[in-house]
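This report describes selected features of one protein model.

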Amino acid sequence: MPKDKQKKPPRPKAEPPRGFRDYVGAEVIRRQAMLATICEVYHRYGFDPLETSGIETVEALGKFLPDTDRPNEGVFAFQDEDDTWLALRYDLTAPLARFAAEHRQDLPTPFRRYATGPVWRNEKPGPGRFRQFYQCDADTVGSASPAADAEVCMMLADAFGALGIPAADVAIKLNNRKILNGILETVASDASEDTAAAVLRTLDKLDKAGPDGVRQLLTTGRKDASGAFIPGVGLSAAQAEACLSFLMARRSDNAATLAELRDVVGTSAVGLAGVAELESMVTLLESAGYGSRVLVDPSVVRGLGYYTGPVFEAELTFEITGEDGRPRQFGSVAGGGRYDDLVKRFTGQSVPATGVSIGVDRLLAALAAMGRDTGPAARGPVVVLAIERDRMAAYQAIATALRGAGIRAEVALGAANMGKQLKYADRRDAPIAVIEGPDELAQGVVQLKDLALGKRLSAEIETRAEWAEQPAQRTIPRADLVAAVQAMLAAEEERR
């Protein structure tokens with residue numbers, strides 16, 4: 001076939017892969033501002049920043065994701081040229097465990113670190129569920145004291161406060177994996193790890209299935225809403241009731257709940273140790289003034305399969321309107337707990353660790369629902385119009401003077417037509433346009449246009465003469481440029 005007859009390859013689609021999205025402008029600024037606020041709190045508590053690679057070996061990441069039906073069990077993995085399997089990190093904790101093991105001889109004990117960044121999960125995307133998302137973590141490695149767990153909870157509460165979320169709208173819920181272990185040890189001492197994991201998954205369905213549904217799922221099974229039968233875990237009725245008694249042990253206050261949990265675990269040493277850890281955490285949090293935000297709640301089950309001791313979850317309790325039109329609480333935005341076995345994978349020795357992870361996108365959505373902007377007002381740069389292209393150096397000098405005063409500024413580098421430059425400034429959401437044509441140059445002045453005030457008309461204006469007729473136009477001495485722009489920006493801030 002002649003070369004000129006060969007079929008051209010198709011152009012690539014200009015869209016992100018399925019399950020991914022792009023972030024631009026104000027979205028990125030709000031996230032950066034929120035993370036900076038949170039990290040400042042972490043830093044105040046003595047935590048240091050840590051950045052690890054976005055790619056780890058599959059061996060280092062381990063197998064902790066539940067999506068076993070997904071390729072590579074839920075991670076994005078590929079084989080390097082030396083046949084080593086690598087993967088994008090699915091969280092920020094597994095890389096921390098690798099780092100702590102690698103540098104254990106050099107790090108202080110305990111080692112406190114915070115980290116932010118994207119993580120990737122090869123899972124089925126859905127509405128509001130993406131394969132790449134941001135996390136913000138803080139962890140303490142090397143301390144087995146419940147004080148370390150309590151400190152993470154206090155730090156989390158302070159981070160919410162720094163973001164302007166009222167304490168009354170935040171509930172930090174506490175539970176402990178050891179308590180459930182104690183119950184299983186008492187009522188089903190021969191239960192396998194798979195059975196224990198199935199019990200955890202079932203208890204986590206309390207909100208959807210209710211107590212009766214969970215009871216059926218723990219024993220013989222039940223039909224779901226579609227009529228399909230879901231097999232049960234296979235516990236006896238007595239064993240199921242013991243597990244439910246743990247799940248439903250919450251009482252009117254923390255003291256009563258802890259007393260009930262002591263009764264539930266009976267004589268189990270591991271179960272009583274779990275209750276004691278919660279008691280220590282509650283005492284520490286109350287003595288530090290955080291008692292009103294702490295709630296011992298055994299129904300917090302999510303993640304218990306991963307954690308080895310205390311587990312905590314931060315919920316925002318203010319109401320929003322759900323997709324069904326009904327009011328509901330916003331829900332969980334952060335979770336964490338103690339994971340003493342993660343570093344052990346590398347060292348063979350138990351290394352205690354505890355930490356928390358904030359769902360960045362969830363928290364940003366919560367702040368938006370509360371009407372709390374986490375960043376500076378979304379505003380474009382001051383735009384210096386380039387009316388005479390042979391004077392570009394002079395326009396750049398104007399922009400440089402503004403930037404030197406801390407003002408965001410740029411020169412319009414597109415079309416030479418003034419009307420199009422004004423339309424460009426409008427699209428950039430520029431608060432002010434700086435105009436210095438030949439007449440202004442001769443008189444030693446500049447024109448400043450308040451675009452925020454004249455935005456509605458800007459798209460219709462074609463000439464500088466028309467622009468000068470608008471009430472937002474000001475003529476000032478060139479020497480007063482920076483001071484005048486600062487004053488106009490300050491006035492705009494007051495109008496916002």
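## Burial in helix α6

A residue is called buried when its relative accessible area is under 20%. The model discussed here is predicted. In helix α6, which spans residues 193-203, the buried residues are A196, A198, V199, L200, T202 and L203.

Other helices contribute to the cover over these positions. Among the elements that cover the buried residues of α6 are α5 (177-187), α7 (206-218) and α8 (237-247).

C136 takes part in no disulfide, and the cysteine sulfur nearest to its own, that of C39, is 4.6 Å away. A disulfide requires two cysteine sulfur atoms within 2.5 Å. C136 has a relative accessible area of 0% and is therefore buried.

Two cavities of 30 Å³ or more are found when the whole structure is searched. The second largest cavity holds about 30 Å³ of space.

Which residues line the second largest cavity? The lining consists of L50, E51, T52, L92, P95, L96, R113 and A115. Five of the lining residues are nonpolar, one is polar and two are charged. Helix α3 (93-102) and strand β5 (111-120) each provide at least two residues of this lining.

S143 lies in the loop that runs between β6 (132-141) and α4 (146-162). Is S143 buried or exposed? Its relative accessibility is 15%, and S143 therefore counts as buried, given that the cut-off for burial is under 20%.

The side chain of S143 reaches the backbone nitrogen of S145 at a distance of 3.3 Å. When residues up to four places away in sequence are not counted, S143 touches P110, A148, R338 and P352.

Technical notes:
Residues numbered from 1 in each chain as written. Predicted model: local features only at pLDDT ≥ 70, side-chain atom pairs only at ≥ 80, totals over all residues. Heavy atoms only, no water. Buried < 20%, exposed > 50% of the residue type's maximum accessible area, 1.4 Å probe, protein only. 1 Å grid on protein atoms, 1.4 Å probe; cavity = no way out; pocket = protein on both sides within 12 Å on 5 of 7 lines; lining within 4 Å. Points joined across faces, edges and corners; volume = space filled by probe spheres on them. Helix = DSSP H or I, 4+ residues; strand = E, 2+ residues; numbered from the N terminus. Nonpolar A, V, L, I, M, F, W, Y, C, P; charged D, E, K, R; others polar. Polar contact = N/O pair within 3.5 Å; in protein donor to acceptor, adjacent residues only side chain to side chain. Contact = heavy atoms within 4.5 Å.
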